[in-house]
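This briefing describes the fold of one protein and the pairing of its strands. Please consult the sequence and the model alongside the text.

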Amino acid sequence: MLLFLALISIPVIGMAQTTTSYGFRTGLNYSSLEGDDIDLDNRIGFHANFFANIPVSSSFSVVPEIGLSALGAKADEIRLESGDNVELKTNWLQVSVLAKVNLGQKFFLQLGPQVGVNVGQRDNNDYYNYDFAAVGGIGYNFSNSFAVDVRYGYGLSNVFDREFGELNEANNRYFQLGLAYKL
């Protein structure tokens, strides 16, 4: 009887390690707009994400996320000769798909692509539209429910559009400090 219970409990224990978990992650951003002729002060903002942790094996997971992130520069905006304003503090709806590699029980690495759309623009000039970025980071699991991580986002696309984007190029760059809670 004990052998039978042991045999049927092995798959249940194995499944517990491979079930999808959900949660949220929030924290601070330290961001800038970087380009050839841009010299702006960094901005401190917030981010909040919802995520799913989908284990593929005991040491590898796929982590899709969706959330809002305050990025850009410290200055509010710049005024163009045309009279248009280009906002430098922007809020982005971001979606990422990260590969998560567990380095033992506590530490982990994350790496993957991210796409964002500007949702905080006050004008209708469409100087900001989309952002594509590479994201990487390292984290620490305090428990099965709480983790902390540090990430770096490296914007790959020019966030400026229209004629302003033809003359000026800027990419989002940011560090994130996040606290995650798994439900």
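Along its sequence, the protein follows the pattern α-β-β-β-β-β-β-β-α-β. It has 2 helices and 8 strands, where helices (H or I, at least four residues) and strands (E, at least two) are DSSP runs numbered from the N terminus. This is a predicted model, in which local features need pLDDT of at least 70, side-chain atom pairs count only at pLDDT 80 or more, and totals for chains, interfaces and linings use all residues. Residues are numbered from 1 along each chain as its sequence is written, and side-chain values use heavy atoms, with hydrogens and water left out.

**Overall burial and contacts**

- Of the 183 residues, 38% count as buried, meaning under 20% relative accessible area (1.4 Å probe, protein chains only).
- The protein exposes about 10500 Å², of which carbon and sulfur atoms supply 63%; accessible areas come from the Shrake-Rupley method with a 1.4 Å probe.
- Contacts are heavy atoms within 4.5 Å; among those between residues at least 6 apart in sequence, 59% join residues at least 24 apart.

- Strand β7 spans residues 146–155.
- Its covered face carries Ala147, Asp149, Arg151, Gly153 and Gly155, while Phe146, Val148, Val150, Tyr152 and Tyr154 form the uncovered one.
- Strand β6 (residues 130–141) pairs with β7 in the antiparallel sense over 9 bridges; pairing requires at least two bridges found by DSSP between two strands.
- A hairpin of 4 residues links β6 to β7, and valine 135 stands opposite glycine 153 in β7.
- Strand β8 (residues 171–182) runs antiparallel to β7, joined by 9 bridges.
- In this pairing, valine 148 stands opposite leucine 179 in β8.

Definitions and conventions:
Buried means under 20% relative accessible area, exposed over 50%, partly exposed in between (1.4 Å probe, protein chains only).
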